[in-house]
Amino acid sequence: MEAIFQAQTLANNNEAKEDTTYPCSSTPPNLEEVETILGYEFKDKDLLEKAFTHSSWLLSAKLFCSERLEYIGDAVLNLLVTKEQFLTYPDLDPGHLTQLRAANVNTEKLARVAIKHGFHRYLRHKKPRLDEQIQEFIEVIKDYPLHSNGLIEAPKDLADIVESTIGAVYIDCGFSIDNVWKIFRTLLEPTIDPENMQKHPVTELYEFCQKQNLKVQFVDLWKESMAFNVLIDEKLAGTGICAAKKHIAQSRAAKDALNNIDLVLNSRKMQINEDATRE
């Protein structure tokens, strides 16, 4: 850990000389508290420190940050979830297994795990606005107890903490998949299963309109107004706005259209009746 401390000191000194745009973050709590959360004591404390060190904290010492641990942690997590779901749902086809795995390892789901266990409080970083984005995420997920299904923006750095921590534990415990799963299986709860997994609003809208023989069209206005419109049978049915991410604006538009679908169907029925009366 001494090497990391020296690298951090050097990087911070260089930063003070070269760049004063980063805010001065207070020192995060003791990382030994993370071991208590995990119920696991690291043999190599350097791994734990790397897992919670963002590249912005060590501007001139990239090898001491979490990025390589995120890489291996992502692969380990996907394997663990794949194995668990393969054994738990023997009758589920590969397509549905893939969707279920994605729902349990995507950015929003892992970001929720980081918040639930307070991992964000230990992240060493000097990234502009990250703390503010985390607080915004904490507030907005109150409206979506399990998952928003593409309606909110989750800070990727939160998900990265979970992946880097998994990677650190995996290496520290001698590359034992089983030991990693014993530690993280409970931490990853609540999991999304076939019973509570919801469809993405864009998929749900397309499927519904196909069954009702309705024509659906997304109008991309994101570059002009950060918005998407949804037209159903060439009539405006929904609008979604998100300045940060284009795909979230589209998802919100689809969700708005689904919320208005009864009005769309009633309007269509009235039009059919009017046409029939004229005939």
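Q: What do the buried residues of H6 pack against?
A: They pack against H4, H5, H7, H8 and H9. Keep in mind that this is a predicted model.

Q: And how many of the residues of H6 are buried?
A: 8 of its 10, so the helix is mostly covered. The buried ones are Glu 108, Lys 109, Leu 110, Ala 111, Arg 112, Val 113, Ala 114 and Ile 115.

Q: Which residues make the contact between H5 and H6?
A: First the geometry: the axes of H5 (residues 94-105) and H6 come within 5 Å and cross at roughly 40°. That angle makes H5 oblique to H6. Ala 103, Asn 104 and Val 105 of H5 meet Thr 107, Lys 109 and Leu 110 of H6.

Q: How do those contact residues divide into nonpolar, polar and charged?
A: The contact of H5 with H6 has 3 nonpolar, 2 polar and 1 charged.

Q: OK, His 120 next. Where is it, and is it buried or exposed?
A: His 120 sits in the loop between H6 and H7. Its relative accessible area is 19%, and the cut-off for buried is under 20%, so His 120 counts as buried.

Q: What does His 120 touch?
A: Leaving out residues up to four places away in sequence, His 120 touches Ala 114, Ile 115, Ile 134, Ile 138, Leu 158 and Ile 161.

Q: Let's do the core. Which residues of the largest nonpolar core touch the most other members?
A: Leu 38, Phe 52, Val 180 and Phe 184, out of 45 residues in that core. Helices H2 (32-38), H3 (45-51), H4 (67-88), H6 (107-116), H7 (130-140), H8 (156-172) and H9 (177-187) each supply at least two residues. H8 gives the largest share, 8 residues.

Q: What does Val 180 touch?
A: Not counting residues up to four places away in sequence, Val 180 touches Val 76, Leu 80, Ile 166, Val 169, Tyr 170 and Cys 173.

Q: At what angle do H4 and H9 pack?
A: About 80°, with the axes 11 Å apart. That makes H4 roughly perpendicular to H9. On the H4 side the contact uses Val 76, Leu 79, Leu 80, Lys 83 and Glu 84, and on the H9 side Ile 177, Asp 178, Val 180, Trp 181 and Arg 185. By type, the residues of this contact are 6 nonpolar, no polar and 4 charged.

Q: Switching to the sheet. What is the strand order?
A: E1-E2-E3, in an open sheet of 3 strands with antiparallel pairing. E1 (216-221) and E3 are the edge strands, each with a single partner, so one side of each has no neighbour in the sheet. From one strand to the next the twist averages 20°.

Q: Over how many bridges do E1 and E2 pair?
A: 6 bridges, in the antiparallel sense. Val 216 has Ile 232 in E2 as its bridge partner.

Q: And how many for E2 and E3?
A: E2 (residues 227-232) and E3 (residues 235-241) pair over 6 bridges, antiparallel. Asn 229 stands opposite Thr 239 in E3. Their hairpin has 2 residues between the strands, and Asp 233 takes a positive phi near 50° in it.

Q: Last one: which strands does H12 lie across?
A: H12 (residues 246-259) lies across E1, E2 and E3, running at about 140° to E3.

Conventions
Residues are numbered from 1 along each chain as its sequence is written. This is a predicted model: local features need pLDDT of at least 70, side-chain atom pairs count only at pLDDT 80 or more; totals for chains, interfaces and linings use all residues. Side-chain values use heavy atoms; hydrogens and water are left out. Two strands pair if DSSP finds at least two bridges between them. Helices (H or I, at least four residues) and strands (E, at least two) are DSSP runs, numbered from the N terminus. A nonpolar core is a set of buried Ala, Val, Leu, Ile, Met, Phe, Trp, Tyr and Cys residues joined through side-chain atoms within 4.5 Å. Buried means under 20% relative accessible area, exposed over 50%, partly exposed in between (1.4 Å probe, protein chains only). Contact means heavy atoms within 4.5 Å. Axes are lines fitted to C-alpha atoms, for helices over the stretch in contact, and angles run from 0 to 180 degrees between N-to-C directions. Angles under 35 degrees count as roughly parallel, over 145 as roughly antiparallel, 65 to 115 as roughly perpendicular and the rest as oblique. Ala, Val, Leu, Ile, Met, Phe, Trp, Tyr, Cys and Pro count as nonpolar, Asp, Glu, Lys and Arg as charged, and the others, Gly among them, as polar.
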